[in-house]
Amino acid sequence: MELDRRFDWFEQKLPERPARIVNWLRRPSSRPVRIPLALVLMLGGLLSFLPVFGLWMIPLGLLLFAQDVPVLQPPLIRVLAWIERKWTGHRRAP
């Protein structure tokens with residue numbers, strides 16, 4: 001599945017400990033934790049005007065939520081493909 005390939009690429013870019021957490025969250029057995037965590041992240045992103053929260057929480061919550069909501073997968077795959085192209089292009093530029 002394309003979303004899994006994009007998540008794998010993302011995991012490879014993370015440090016070891018966060019990568020293990022993301023890997024655990026992607027497992028089907030983690031669904032009871034993944035869905036509430038995704039909702040909390042998205043709500044926290046809406047409170048980005050507070051010092052502890054940030055807009056980065058919204059896309060992360062959407063990514064986790066897309067694991068269980070197939071209608072979100074195609075747009076997120078396109079966004080992740082765009083990010084991957086920009087990341088690899090940026091890394092190659094002198």
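This is a predicted model: local features need pLDDT of at least 70, side-chain atom pairs count only at pLDDT 80 or more; totals for chains, interfaces and linings use all residues.
Local features need pLDDT of at least 70 and side-chain atom pairs count only at pLDDT 80 or more, while totals for chains, interfaces and linings use all residues. Residues are numbered from 1 along each chain as its sequence is written, and side-chain values use heavy atoms, with hydrogens and water left out.

The largest nonpolar core has eight residues: Leu 3, Phe 7, Val 22, Leu 63, Ala 66, Leu 76, Ile 77 and Leu 80. A core here is a set of buried Ala, Val, Leu, Ile, Met, Phe, Trp, Tyr and Cys residues joined through side-chain atoms within 4.5 Å; buried means under 20% relative accessible area, exposed over 50%, and partly exposed in between (1.4 Å probe, protein chains only). At least two residues each come from helices H1 (2-13), H4 and H5 (73-92), with H5 giving the most, three. Helices are DSSP runs (H or I, at least four residues), numbered from the N terminus. Apart from this core sits another, of five residues, including Leu 25, Ala 38, Leu 41 and Met 57.

Over in the loop between H4 and H5 is Asp 68, which counts as buried because its relative accessibility is 18%. Its side chain makes a polar contact with that of Arg 34 at 2.8 Å (a pair of N or O atoms within 3.5 Å; within protein, one must be able to donate a hydrogen and the other to accept it, and residues adjacent in sequence count only if both atoms are side-chain atoms).

Phe 53, in the loop between H3 (31-46) and H4 (57-66), is partly exposed because its relative accessibility is 31%.
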